[in-house]
Amino acid sequence: MAKPSIAILTSGGDAPGMNAAVRAAVRAGLNADVDVYGVRCGYQGLIDDDFIPMDAKSVSHIINQGGTTLLSARCEDFRTEAGRATAAENLKKRNIKGLVVIGGDGSFTGALKIAQEHGISVVGVPATIDNDIYGTDFTIGFDTAVNTVMEAVDKIDDTAESHNRLFFIEVMGRDAGFIALHAGMASGCSEILIPEEETDVKYLVSRLNDLHSRGKRSMIVMVAEGDQCGGVFKLARQTEDALKDMQVRVTVLGHLQRGGSPTCADRVLACRLGVAAVEKLLQGVGGVMVGTRNQQVVTTSLAEAIEKKSKPDEDMIRVAHTITY
Ligand code: ADP
Ligand code: F6P
């Protein structure tokens, strides 16, 4: 009888720690005497039959690397039934029964579809810098991203203070304010604007003017990409005239937040979740996502992880606003 096989792919927006998760899943599979394939370019590689047999050495020296050595893609064909049927055929012809999908909620939506339509057992590993996935306290990549943002803001703060300037800094988070909230708190921002809260631009201006009149030289307002204000450039245009005696500057941190060597916390999380994903598959459990809650590995159905929204903790938001100045 052919040995059981599993496949691993990374999909959607890359996140630091994806490589550590791949490495962990490969090694866990090999240690359980399972044949392991890596699929290049996410779902595109499933459709294009781009599979690589993995051995223990194939994942050496990647735990510290950002990005994804398996490469990622946004794949329109996988959104179609025909695309998923081709993908399933390519898995089945190699006797691959289990698939580890490392990515965000879009990737999990695709994963659930191929599971339901073709009986492929899939386990999701949450990896996105946005941290916006239900069923885990943290996603792989978030810790690295917030540390990157914090370092960048510290640097901007040096020049802001020297020149008596106000900076609007935009960070990633299409739908969620986790990065802005955590990094904004950690870097001592004067205000933090996130999509989970209403943004009152008039109030913001009066508060910043008030802080300035009380002698605060420099200020940094951290703005999540998905905030209702519509982005930092619009916000700067809207407020510039009303912000008395302050020179306004804008910085969009952009994709630098997605790169870099993963932090220890992200590597450890990735190691735990990569192993857990393979263990679940080998136990015959599919259609779930692995994550951590209160330091323990837990599983959530993919359907629930996709459907429910993860929101920043209300007390975190309260604390952040309590100490901004
Ligand atoms: P992320 O996983 O980071 O949220 P995307 O939302 O871009 O990233 O999704 C990654 C890929 O998952 C898409 O390019 C597509 O191939 C697949 N995908 C996303 N949504 C669906 C869907 N509704 N049906 C099938 N596949 C999907
Ligand atoms: O990974 C999620 C994310 O970082 C979002 O916050 C951002 O809007 C998006 O990716 C941008 O991704 P891309 O440039 O790859 O489309």
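## A buried serine

You'll find serine 107 in helix H4; helices here are DSSP runs of H or I with at least four residues, strands are DSSP runs of E with at least two, and both are numbered from the N terminus. Leaving out its neighbours within four places in sequence, serine 107 is in contact with Ser11, Gly12, Tyr43 and Val101, where contact means heavy atoms within 4.5 Å.

A quick word on the ground rules. This is a predicted model, in which local features need pLDDT of at least 70 and side-chain atom pairs count only at pLDDT 80 or more, while totals for chains, interfaces and linings use all residues. Residues are numbered from 1 along each chain as its sequence is written, chains are lettered from A and ligands numbered from 1 in the order in which they are written, and side-chain values use heavy atoms, with hydrogens and water left out.

## The annotated binding site

Serine 107 also turns up in a database record. UniProt, in an unreviewed entry, places the feature "binding site" at Gly13, Arg74, Cys75, Gly104, Asp105, Gly106 and Ser107. UniProt positions follow the numbering used here, feature names are shortened, and annotations may be inferred rather than shown by experiment. These residues are spread over 95 residues of sequence, yet they cluster in space, with a largest C-alpha distance of 14.1 Å.

Not counting residues up to four places away in sequence, glycine 104 touches Ser11, Ala127 and Ile133.

## Strand S8, covered on both sides

Now look at strand S8, residues 219-224: six of its six residues are buried. On one side sit Met219, Val221 and Val223, on the other Ile220, Met222 and Ala224, and both faces are covered.

Which strands pair with S8? Strand S6 (residues 165-171) does, in the parallel sense over six bridges, and strand S7 (residues 191-193) does, also parallel, over three bridges. (Two strands pair if DSSP finds at least two bridges between them.) Glutamate 170 has valine 223 of S8 as its bridge partner, while glutamate 191 has valine 221. From S7, the chain crosses through helix H7 (residues 201-213) to S8, and this β-α-β crossover is right-handed: with the strands pointing away from you, the path from the first strand over the helix to the second runs clockwise.

## Two domains

The domain assignment gives domain 1 (5-141 + 262-307) and domain 2 (143-258); such bounds come from an automatic or database assignment. Taken over C-alpha atoms, the centres of the two domains are 34 Å apart. The contact between them takes 14 residues from domain 1 and 14 residues from domain 2.

## Two positive phi angles

Most residues other than glycine have a negative phi. Histidine 61 isn't a glycine, but has a positive phi of about 60°. Histidine 61 lies in the loop between strand S3 (51-53) and helix H3 (81-92), and is exposed at 67% relative accessible area.

Glutamine 295 isn't a glycine either, and has a positive phi of about 75°. Look for glutamine 295 in the loop between strand S10 (288-293) and strand S11 (296-301). Glutamine 295 is exposed, with a relative accessible area of 62%.

How values were computed. Buried means under 20% relative accessible area, exposed over 50%, partly exposed in between (1.4 Å probe, protein chains only).
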